[in-house]
Amino acid sequence: MITGIEHADELFRLRNGREQAVAELFGHYRGKLQRMIAFRLDRRVVGKVDVDDILQDAFLETVRRIQDYLDQPSVPFFVWLRQITQQILVDTHRRYLNAQMRDVHLEVTLDPGLAADTSASGLLAQLADSLTSPSQCAVREEAVAELRNALDNMAEIDREVLVLRHLEELSNHEVAQILGIDKFAASKRYLRALERLRHALPPPAENASDA
């Protein structure tokens with residue numbers, strides 16, 4: 001989570017050592033950007049472009065547009081950096097797939113065939129692991145099926161909150177900034193989505209030793 005003090009410190013660094021500061025901060029946030037790209041990169045373009053290609057283009061675009069950000073730094077640098085990286089990803093998909101895709105800002109595929117390293121199946125598996133206890137392992141496949149159904153029927157923004165929190169590993173404050181909503185609303189949506197998923201899970205299996 002970026003605090004007001006950290007935001008001010010990043011601005012100071014960018015204004016006083018622009019090119020070096022951009023490179024350092026980009027390197028600092030590289031892991032977060034990699035996770036975002038890996039989940040959202042359509043596997044149909046893998047082989048033609050990879051995560052490092054997207055990151056390189058994003059870095060060059062960041063350098064080119066840094067003055068625009070410094071003139072109006074309305075969001076933390078990471079949020080702005082992610083927006084640039086996201087747009088590079090959208091442009092890459094359009095270029096290689098020759099399709100008008102919706103903004104990745106709210107584009108979360110649930111088809112495991114359309115994700116690269118981290119697929120929707122990964123999200124489902126992670127959620128199943130985090131929402132089930134060891135005693136529920138026997139019904140894990142059923143749990144994954146029920147979670148997929150619940151996600152399919154969830155509001156897109158709520159599904160996106162889950163992806164940002166669980167796969168991109170962002171804080172609630174970062175999620176709120178990225179989605180342009182109040183942090184309390186982001187937290188409420190996240191908790192509500194988790195609750196819906198918990199209700200979608202099959203009941204725990206009876207302990208055999210109690211039979």
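Me: Is H166 buried or exposed here?
Reply: This is a predicted model, and in it H166 counts as buried, because its relative accessibility is 15% and the cut-off for buried is under 20%. H166 belongs to helix 7.

Me: Which side chain does H166 join in a polar contact?
Reply: The side chain of H166 makes a polar contact of 3.2 Å with the side chain of Y190.

Me: And what sits over the ring of Y190?
Reply: That is the charged end of R165, placed 4.0 Å from the centre of the Y190 ring. A further case of this kind involves K32, whose charged end sits over the ring of F78 at 4.8 Å from its centre.

Me: Switching to aromatics, how many pairs does a search of the whole structure find?
Reply: The search finds five aromatic pairs. In the pair made by Y69 and F77, the ring centres are 5.6 Å apart and the planes lie at 65°, so this pair is edge-to-face. Y69 and F77 are both buried, and together with W80 they form one aromatic cluster.

Me: Now helix 8, which of its residues are buried?
Reply: Helix 8, spanning residues 172-179, is mostly covered, with six of its eight residues buried, namely N172, E174, V175, A176, I178 and L179.

Me: What covers those buried residues?
Reply: The covering elements include helix 2 (18-40), helix 4 (77-97), helix 7 (156-166) and helix 9 (183-200).

Me: Which residue just after helix 8 takes a positive phi?
Reply: It is G180, with a phi of about 70°.

Note on methods: Residues are numbered from 1 along each chain as its sequence is written. This is a predicted model: local features need pLDDT of at least 70, side-chain atom pairs count only at pLDDT 80 or more; totals for chains, interfaces and linings use all residues. Side-chain values use heavy atoms; hydrogens and water are left out. Buried means under 20% relative accessible area, exposed over 50%, partly exposed in between (1.4 Å probe, protein chains only). Helices (H or I, at least four residues) and strands (E, at least two) are DSSP runs, numbered from the N terminus. Contact means heavy atoms within 4.5 Å. A polar contact is a pair of N or O atoms within 3.5 Å; within protein, one must be able to donate a hydrogen and the other to accept it, and residues adjacent in sequence count only if both atoms are side-chain atoms. Rings of Phe, Tyr and Trp (its six-membered ring) pair if their centres lie within 6.5 Å; planes under 30 degrees apart count as stacked, over 60 as edge-to-face and the rest as tilted. A charge sits over a ring if NZ of Lys or CZ of Arg is within 6 Å of the ring centre and within 35 degrees of the ring normal.
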